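I opened the model to look up a few local features and one chain contact. My entries follow in the order I made them.

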Amino acid sequence: MNANQYADKPDAFTLGPLEEGSACCDPQPVIQVRNLSLLYDGKTALDKVTLDIYKGCITALIGPSGCGKTSFLSAINRLTDLIPGCRVTGEILVNNRDIHHPDMHVQSLRRQVGMVFQKPTPFPLSIRRNLSLPLNEHGITNKTEVAAIIGQVLRDVGLWDEVHDRLDASALSLSGGQQQRLCIARALALEPQILLMDEPCSALDPLASGVVEDLICRLRGRYTIVIVTHNLAQARRIANYAAFFWVSGRAGQLIEFGRCQHIFESPSHELTAAYVNGVRG
Amino acid sequence: MREITNIHTRQILRDRVVQLLVYAAVLLISMVFIWILADLVRGGIAHLSWEFLMESPRDAGRTGGIASILVSTLLILLTALLTAVPVAWTTAILLVEFVPADSPFGKTVRFSLHVLAGVPSIVFGLFGNAFFCIYLGLGFSILSGGLTLACMLLPILTSTAEAGLRAVPHAYRTSASALGLTRTAALVHLILPAAAPVLAAGLLLGIGRALAETAALLFTSGYVERMPDSLLDSGRALALHIFDLSMNVPGGDMPAYASALVLVGLLLCINTLAMKFAYGLQHRKIMT
């Protein structure tokens, strides 16, 4: 395979393919994960993960099913709090603040760290209300301001031209790809710094998947993105960094983390090599 | 080749038989309802008139109407619903949203509701008589009857509301949390509106049960057929009136038929209204 195939990523934050050149930005950790373990009913699902997520970059989490990628993702915005019997140990710093600190307000953490799920999850409300409800709940109630934000985020995700004349229609009337972009818009409306994406394209058809993928690329730089994907080609196309997880015993582990190009082309670990070459996993 | 055709024919035949059985069952159920309704209309329509609805019963109900009975029934119903619905629905919300599904607390509450649902209504009547009428000193009154009915309605209202809330996709809760919404916000703006049709259906079942209740009211709201002055006055419910006319009053068959027709008509109306209401609520939530 031609190594330069991925060299022409469109923007300045591309670190992956530029292994040999100088890095275009100073990698600045925005999420620091230290010794993170995750237990469901006492059984370890994720074992001592230590990892930095860099600002403005796309970090892809890859690995087979059940290796704890999604658990890792939900630990970052403390969505794991909602799962009965789930215990998280270790430390996660977002902007140098411990997210498990008693002073940490979980609602504001989740505002700062947005999340998009595998299946599009629009609320059974109008398109407008889907976007205004979270804003209202976070204290943004001025109608002009809300309308401006709605227009802005819908343009950001490329939905404005498709829906601007039917904002009061039910969000459920949108197609799958449009619903997913609406969910991304809904997360963006809260002006997060970080966006967690759990296989955002896997429930979509190839065309819609391509549109969402392009959108994710456009968000690079403005947002720090952590994306779980089973699509290795996609990870390779869009990510700057990649983290490879594997199940050993029954617990997920982080095997290797590094620049995307490094993980895909010259991985240090033989498991990584076997996985990215399609030999295992 | 012939064997394959044979198997095919047999499969088609089996299909037909199953279809036939299903249709027969549906027909049977509809027939029971239609038969009851037809019998009520046949026996009661002649006696039914505006005066019948607007006048109080005279001569133990043989003549006159059912105005006071209707008022008593509605007052009992209102008392029961206003007491039971808030308690039942908040319990359901607690069970679904705030307590893990398999917690000992949840299990205990659910178990007691199941037992409560199986208790015969006459037992509720005796309990209501002992507790509300005598112990709390409310006497034979609409209040006693309503509160007794409320106890009876708790299981059905709670379990339908719980089922309705559980049927709301879990993704709504997770996405709401991921957007930094509080549990209360998610509950008010997303989960309750989504569950509204089921809540309304449960309410209907409850109203149906309450309107049809006889035994529990016999010992609590009493037997007096005149117009009630207050909630502390005794009042006779419609179902009880029908029971009394057909069992204890010779020559009371016609008004009994007419009263039964009114009761069934009332149930149909409430049914339709509540369905419309639930639909409207859901629709409005989608549109705003």
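**Loops and strands of chain A**

I began with Asn96(A), which sits in the loop between β4 (86-94) and β5 (97-98) of chain A; helices (H or I, at least four residues) and strands (E, at least two) are DSSP runs, numbered from the N terminus. I am working on a predicted model, where local features need pLDDT of at least 70, side-chain atom pairs count only at pLDDT 80 or more, and totals for chains, interfaces and linings use all residues. Residues are numbered from 1 along each chain as its sequence is written, while chains are lettered from A and ligands numbered from 1 in the order in which they are written.

Phi of Asn96(A) is near 65°, a positive value in a residue other than glycine. Is Asn96(A) buried or exposed? Asn96(A) is exposed, because 8 other C-beta atoms lie within 10 Å (20 or more within 10 Å counts as buried, 12 or fewer as exposed, in between as partly exposed, with C-beta atoms placed from the backbone).

In the hairpin of β4(A) and β5(A), with two residues between the strands, I found that Asn95(A) also has a positive phi, near 55°. β4(A) and β5(A) pair antiparallel over two bridges; strands pair if DSSP finds at least two bridges between them. Leu93(A) has Asp98(A) in β5(A) as its bridge partner.

I then followed β4(A) to β1 (residues 29-40) of chain A, an antiparallel partner joined to β4(A) by eight bridges. Leu39(A) is opposite Arg87(A) of β4(A).

**Helices of chain A**

Glu191(A), in the loop between α6 (176-189) and β7 (194-198) of chain A, has a positive phi near 50°. Glu191(A) is partly exposed, with 15 other C-beta atoms within 10 Å.

I next checked α4 (residues 143-156) of chain A against α6(A): the axes come within 9 Å and cross at roughly 130°. That makes α4(A) oblique to α6(A) (under 35 degrees is roughly parallel, over 145 roughly antiparallel, 65 to 115 roughly perpendicular, the rest oblique). The contact (C-beta atoms, placed from the backbone, within 7 Å) involves Ile149(A), Val153(A), Leu154(A) and Asp156(A) of α4(A) with Ala185(A), Leu188(A) and Ala189(A) of α6(A).

**Chain B against chain A**

I noted 19 residues from chain B and 25 residues from chain A in the contact. On the chain B side, α7 (170-178), α8 (183-212) and α11 (253-287) of chain B each give two or more residues. α7(B) gives the most, with six residues.

Technical notes
Contact = placed C-beta atoms within 7 Å. Axes fitted to C-alpha atoms, helices over the stretch in contact; angles between N-to-C directions.
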